[in-house]
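The exercises below concern a predicted model, and each task is followed by a solution that goes step by step. Please look at the sequence and the structure before reading on.

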Amino acid sequence: MRHFIIDTDTASDDAVAIMMALSAPDIIVDAITIVAGNVGVRQGSINARYTLEVCRAQVPVYEGCTQPWLQSLAIADWFHGADGMGDMDYPVPAQAAEGRHAVNELIKRFRDSPGNITLVTLGPLTNIATALAIEPCLADWVKHCYIMGGAANTVGNVTPAAEYNIWCDPEAARKVLHSGMPITLLGWELSRDDATLSDAEMLAFRALATNKATVAMDCNGTALKAVREIQGEAGLALADPVAMSVAIDESIATDMGYHFVDIATGDELTRGMSVVDKLNVCKREPNARVCFAIDAARWKKQLFSALR
């Protein structure tokens, strides 16, 4: 069995990614830590705990950093709805959040089991960077970190150059990328084009008639509208679940390579941009493995299996 900790700003696509991890037969989700991003920490915690109830799972949820390091929090209600879950008015979960701060819990769990736990991040990297600032050894204790964030030298989704998770807290992202932690970077662009769910595919998911499948499709209704109107996609793009699919099964990635990656933190036009030195023009040591392509059919098959 593999052990995961998921750090998330739980909104609609994060919820589906959590469902996938909980459904994987060889994965134990040890904890979920919440960071501000798509929604505030309190709402992200509620959404994570509701997702656990949908999956009939018991996993402790720890609430973490409420603001990015330097800039004000800019939530993504325009994409995920005011509550992050498509404004479906889901019931408040019975499970309470744990009392310990997420940053302290991350340090404790990785210290207690060095090299045994995989970290999957689905939101801004504020919790992880803060934990590294307190305890730099965290970088050595993490077995591997899969980061849903950035755009590998391609178009951004919140500015022309930047993807939301990295743009939300670029200083934190830069801290993590330069920490020495073993990292796989999974950009939002992997969820586009053939990886989007078509109308027919979404109907097939609904036809599963499970609570997981119904919630997964319903809570992403606002996101589907935004993806079509703002990003010009034909179907539903699910960036966090695509990233989780690779964390669960790396063979879904069809093009990956080790490169030097940096994060732009200055100029307004490029702030939050993830810069991948694919041609090694900087002559810097690689600090991340970057995924450039996935097998879209296999990722959808994995999702279908998870939502049954």
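**Exercise 1.** Determine which residues of helix α12 are buried, and decide how the helix sits in the structure.

*Solution.* The buried residues of α12 are A239, D240, P241, V242, A243, M244, S245, V246, A247 and I248. A residue counts as buried when its relative accessible area is under 20%.

**Exercise 2.** Classify the ring pairs Y50 with Y90 and W78 with F79 by their geometry.

*Solution.* The structure holds 4 aromatic pairs. In one of them, the ring centres of Y50 and Y90 are 4.6 Å apart and the planes stand at 20°, so the pair is stacked. This pair links distant parts of the chain, with Y50 in helix α2 and Y90 in the loop between α3 and α4, 40 residues apart. For W78 and F79, the centres are 5.7 Å apart and the planes are at 80°, so this pair is edge-to-face. As for accessibility, W78 is partly exposed at 40%, whereas F79 is buried at 12%.

**Exercise 3.** Compare the radius of gyration of the protein chain with that of a compact globule.

*Solution.* For 308 residues, a compact globule would have a radius of gyration near 19 Å, and the 18 Å of the protein chain agrees with this. Along its principal axes, the C-alpha trace spans about 50 × 40 × 35 Å, and buried residues make up 59% of the chain.

Conventions. Residues numbered from 1 in each chain as written. Predicted model: local features only at pLDDT ≥ 70, side-chain atom pairs only at ≥ 80, totals over all residues. Heavy atoms only, no water. Rg over C-alpha atoms; globule rule 2.2 N^0.38 Å. Buried < 20%, exposed > 50% of the residue type's maximum accessible area, 1.4 Å probe, protein only. Helix = DSSP H or I, 4+ residues; strand = E, 2+ residues; numbered from the N terminus. Phe/Tyr/Trp six-rings, centres within 6.5 Å; stacked < 30°, edge-to-face > 60°.
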